[in-house]
Amino acid sequence: MSTAESQDIEQATSAIGAPDSKTRRYDRQLRLWAASGQHALENSRILVLSSSATATAVLKNLVLPGIGHFTILDSAITTPADAGNNFFLSGLESVGKPRAQEAVQLLCELNESVEGEAVVKDISDLLQTEQGRAYVRSFSLVVAHNLRKDVLDGLSLLLWNDLSNPPLIVVRSAGFLAEFFIQFHEQCVAQPHTDETPPSLRITRPFPALLQWARELDFDKLDPTEHGHVPFVIILVRALDDWRKSHNGAPPSTSADKQAFKAAVREMRRKPDEENFDEAEAQAWRVWQEPAIPRDVEALFALSPLSSPGLAATLPSSKLTPETPNAAFHALLRTLDAFARSDRGPGCLPLSAALPDMRTDTESYVKLQTAYKEWAGIEKAHFKELLGEKFPDIAPLMTADQLDTFVKNAHHIRVLRGTRWGEWDTGAGTLATSLTTYACEAATATHLAFCALSTLLNDNPDGSNVTVESLKTEIRKLVGENVELPDEVDAAVGEIARAPTADMPNVAAFLGGLIAQEAIKVITNQYVPVKGYCVVDLVDSWTSIIGQ
Amino acid sequence: MATAPTSTTTANGNPSAADWQDRYHHVDQVLDRPGPRTDPSFLAGDEVKAFLRTSCKILVIGAGGLGCEILANLALSGFKDIHVIDMDTIDISNLNRQFLFRQKDVGKPKAIVAAEFIMNRVPGVTVTPYYGKIQDKDDDYYMQFNLIICGLDSVEARRWINATLVNLVDPENPESLKPLIDGGTEGFKGQARVILPTVTSCYECSLDMLNKPTAFPICTIANTPRLPEHCIEWASVLEWPRVHGDKRLDTDDPEHIGWLYKIALARAKEFKIEGVTWSLTQGVVKNIIPAIASTNAIIAAFKIATSSAAYLNNYFMLIGTDGVYSYTFEHEKRDDCPVCGGQALDISISKEWTVDRLIEMLVEKQDIQIKKPSLSTATKQIYFQAPPQLEELTRPNLERKVSDLVENGDHITVTAASLPFNLMVRVTYV
Ligand SMILES: [Zn+2]
């Protein structure tokens with residue numbers, strides 16, 4: 001089922017009549033990432049290196065929600081052991097046949113709209129030729145599971161070398177332990193969905209219509225029902241306006257002020273059971289706790305776009321070109337800064353039209369909602385004008401949706417800067433410190449055990465040289481010979497020496513879920529992906545992030 | 001690497017004919033030797049493999065999002081005797097995550113399709129389905145399993161199985177203690193827990209951790225609607241019964257949803273409220289929780305891991321919206337838990353309270369969550385919701401003071417259709 005054959009999701013859900021079958025199929029996920037996220041998934045092309053149990057578990061969770069295309073690149077022939085631990089192989093019937101082909105066939109059954117391809121080749125051969133390298137770079141995301149160390153080092157460098165190359169998710173697992181790392185340059189998240197503080201209602205900086213309403217409302221002339229239905233926003237704007245008039249224009253600041261302000265709000269009520277006034281008192285924090293610009297957002301204003309791998313660029317903002325990585329997002333970010341500083345602006349972020357529910361009657365609520373919507377429209381138009389002035393080359397490339405989403409979520413936007421795979425491992429001091437840092441010991445020990453395992457498997461892929469001692473010898477090379485290894489190292493290496501090449505079905509399923517979640521975040525630019533190493537220990541039931 | 005498969009009948013302590021050499025190469029790595037943190041009581045080697053692959057019998061409750069994952073995991077891990085119960089049939093909206101089902105299976109029973117799929121894909125595994133309710137089965141049925149894993153989304157069903165397994169425990173018979181692994185997901189978040197009935201905290205002990213479903217006051221719905229949700233509730237709660245009388249609203253019937261949508265949309269237009277959509281209508285009336293395959297995979301896999309690595313002690317939470325954050329903690333047993341605490345729930349009320357007021361208070365109590373309770377003491381019927389004759393007979397008591405009917409310090413037995421046990425309440429007056 002292609003996008004063209006089905007109705008647009010938004011359209012389908014707003015038209016009279018039941019939604020089409022595609023919308024129904026994806027209903028439970030559209031509630032998480034909406035049509036825009038689904039569209040991004042459907043346009044993605046994912047390359048997975050290996051068709052191990054873990055690799056197919058990741059793919060299962062990406063094929064089901066409907067990515068556009070996946071390729072499994074794997075030269076392995078199915079062994080009896082593979083047939084025993086991988087749900088996407090046909091038992092003994094698959095043994096002796098190319099594993100990638102067997103897996104692709106069964107994965108494709110999960111979702112007819114997803115295109116799957118098996119390439120029975122070795123990634124190390126592909127990396128030898130310019131054509132092969134270009135092929136790898138042509139995907140939107142690359143996932144590698146238990147890839148040989150020397151090949152992985154080459155692949156990660158190749159993908160890191162150009163800002164336009166796809167992100168790489170590196171997964172390593174053995175027995176009950178695992179870790180993964182996402183190599184990306186920059187992730188710009190306009191919709192983090194992190195349930196943080198709600199956007200400002202502008203109580204301290206009321207827009208004209210709001211202030212006028214609050215000032216002109218004659219509380220004494222209202223009948224009892226109307227009085228009990230004045231929206232808390234209006235009560236607070238009025239109370240603050242009155243406060244300022246009697247305090248030389250200053251808002252309440254000291255703790256005594258705040259108590260006095262709340263008392264003033266209580267004074268305004270006519271009967272003790274007016275719930276709208278209770279609400280106003282409970283929401284009074286908005287008067288003193290709302291910064292003009294949230295600190296995390298303000299910090300982003302100083303961020304320069306990337307221009308070369310790993311380096312904070314020196315290009316001034318006026319040099320932002322359509323070729324700059326995430327050009328649209330950076331242009332929007334610059335415009336947000338300009339908007340907040342603009343003489344014609346409110347001195348803060350643009351107004352969000354989203355209004356929470358409150359104790360009031362229908363008429364007042366709809367009137368308030370309309371006022372917010374109208375003013376948000378005016379500020380958005382101003383924002384758009386600034387964008388066009390500052391970035392005449394980039395502004396036309398943006399969709400109305402992109403602009404809307406950014407402005408609507410301006411209070412929560414996030415930018416993540418990633419690091420190169422393996423970069424953290426080159427600093428012996430950093431590793432040694434992390435190994436003794438409270439709450440990081442076990443995760444660091446496990447990460448080091450995986451680094452050691454990769455080195456050992458590079459020479460002996462069957463794991464015959466993996467012992468507690470050989471692993472610890474490798475770890476000492478990484479952190480320095482003089483560093484005393486804590487007990488957590490024994491707990492980690494012991495577990496890895498027990499099962500150095502085991503791809504356990506349920507660990508694979510666990511990782512398959514975690515990594516697919518991260519892949520979805522990276523592809524949709526919604527929700528916040530992991531930065532650093534996510535370490536998993538299913539003996540003691542924990543996950544932990546290190547090396548951020 | 002291609003080796004011809006050799007079918008063996010007794011290799012590695014596996015008597016099953018379907019097992020081939022190296023089938024369990026990966027799993028055996030951890031079963032053949034203990035790790036540094038393995039419980040000393042774990043006996044590595046053939047014995048544990050034989051238990052897992054021949055004698056262990058597992059029940060999976062629910063063949064939905066979590067159930068599909070659990071079944072596949074168990075089968076690959078080597079369990080051979082698996083039972084599954086589910087009363088639902090397959091809907092198209094299941095296909096984005098319930099990976100044992102295909103388009104052609106829509107309308108068929110989940111338990112049966114899932115069992116067939118697993119048996120086809122993983123040779124040598126027997127999955128016995130039951131298409132029906134967990135309440136259809138008796139204690140003897142539940143006694144036959146070594147472990148019960150839940151992939152349920154209904155609070156009521158979970159309370160029932162929890163209470164049933166707690167009641168099953170006979171201190172004289174260690175076999176009667178059936179570990180229960182439970183959990184659920186919502187979007188990018190999920191939790192899993194292990195319940196050792198009577199030993200650890202049970203499902204009922206933690207009932208107050210549940211989010212109370214959003215309920216809009218009838219007064220708002222009827223008089224001052226502001227949100228699209230208020231219009232939808234108006235259509236389903238007030239208009240449906242008014243127009244359709246006794247005809248039950250079937251939230252799975254697209255025609256019913258379509259009717260509610262039309263009515264809600266008209267009301268929204270009348271009040272100039274924006275945002276009523278088909279999708280929102282369905283979401284509100286069915287109380288839809290967003291669900292994706294990946295989160296189900298994490299939680300299901302975690303559940304299996306807790307039965308093979310080490311028992312989780314006892315509650316695991318995962319939040320995947322902002323990076324990956326997980327948290328494990330021990331949820332404490334509640335002494336006054338009505339299921340496993342063995343004590344009555346103490347409440348103190350005013351001497352002036354009527355029976356009606358007491359009922360209202362019980363319904364609002366977050367830690368017991370009951371609708372329509374019936375009340376009695378050892379000697380008296382206080383109020384019964386059903387049958388109609390008994391309701392009529394006891395209705396006058398609603399207006400009477402509780403203190404006129406129950407002595408200070410005496411017990412009231414509370415029963416309700418949604419409550420799988422009798423709740424004992426000890427009343428004191430202040
Ligand atoms: Zn309990």
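This is a predicted model: local features need pLDDT of at least 70, side-chain atom pairs count only at pLDDT 80 or more; totals for chains, interfaces and linings use all residues.
**Exercise 1. Where chain A meets chain B**

Describe the interface between chain A and chain B: how many residues are in contact, and what is the buried area?

*Solution.* 
Step 1: Count the residues. On the chain A side there are 94, in contact with 87 residues of chain B.
Step 2: Turn to area. About 7500 Å² is buried between the two chains, and carbon and sulfur atoms give 61% of this. A:Arg28, A:Phe87 and A:Arg498 lose the most area in chain A, together 13% of what that side buries.
Step 3: Look for charged pairs. There are 8 salt bridges between chain A and chain B. A:Lys60 and B:Glu69 form a salt bridge, with their closest N and O atoms 2.8 Å apart.
Step 4: See what the chain A side is made of. Helix α24 (residues 505–524) of chain A supplies its largest share, 11 residues. Sorted by class, the side of chain A that touches chain B has 48 nonpolar, 25 polar and 21 charged residues.

**Exercise 2. Two domains inside chain B**

Work out how domain 1 and domain 3 of chain B touch: what area is buried between them, and what is the count of salt bridges?

*Solution.* 
Step 1: Locate the domains. In the domain assignment of chain B, domain 1 covers 17–210 + 291–329, domain 2 covers 218–286 and domain 3 covers 345–429.
Step 2: Count the contact residues of our pair: 8 come from domain 1 of chain B and 9 from domain 3 of chain B. The centres of these two domains, taken over C-alpha atoms, lie 37 Å apart.
Step 3: Read the area. Domain 1 and domain 3 of chain B bury about 760 Å² between them, with 55% from carbon and sulfur atoms.
Step 4: Check the pairs. The count between these domains is 0 salt bridges, while 2 residue pairs are in polar contact, both residues at pLDDT 80 or more.
Step 5: Sort by class. The side of domain 1 that touches domain 3 in chain B holds 4 nonpolar, no polar and 4 charged residues.

Definitions and conventions:
Residues are numbered from 1 along each chain as its sequence is written. Chains are lettered from A and ligands numbered from 1 in the order in which they are written. Side-chain values use heavy atoms; hydrogens and water are left out. Domain bounds come from an automatic or database domain assignment. Contact means heavy atoms within 4.5 Å. Buried area is the accessible area (1.4 Å probe) that two parts lose on being put together, summed over both. A salt bridge is a side-chain nitrogen of Lys or Arg within 4 Å of a carboxyl oxygen of Asp or Glu. A polar contact is a pair of N or O atoms within 3.5 Å; within protein, one must be able to donate a hydrogen and the other to accept it, and residues adjacent in sequence count only if both atoms are side-chain atoms. Ala, Val, Leu, Ile, Met, Phe, Trp, Tyr, Cys and Pro count as nonpolar, Asp, Glu, Lys and Arg as charged, and the others, Gly among them, as polar. Helices (H or I, at least four residues) and strands (E, at least two) are DSSP runs, numbered from the N terminus.
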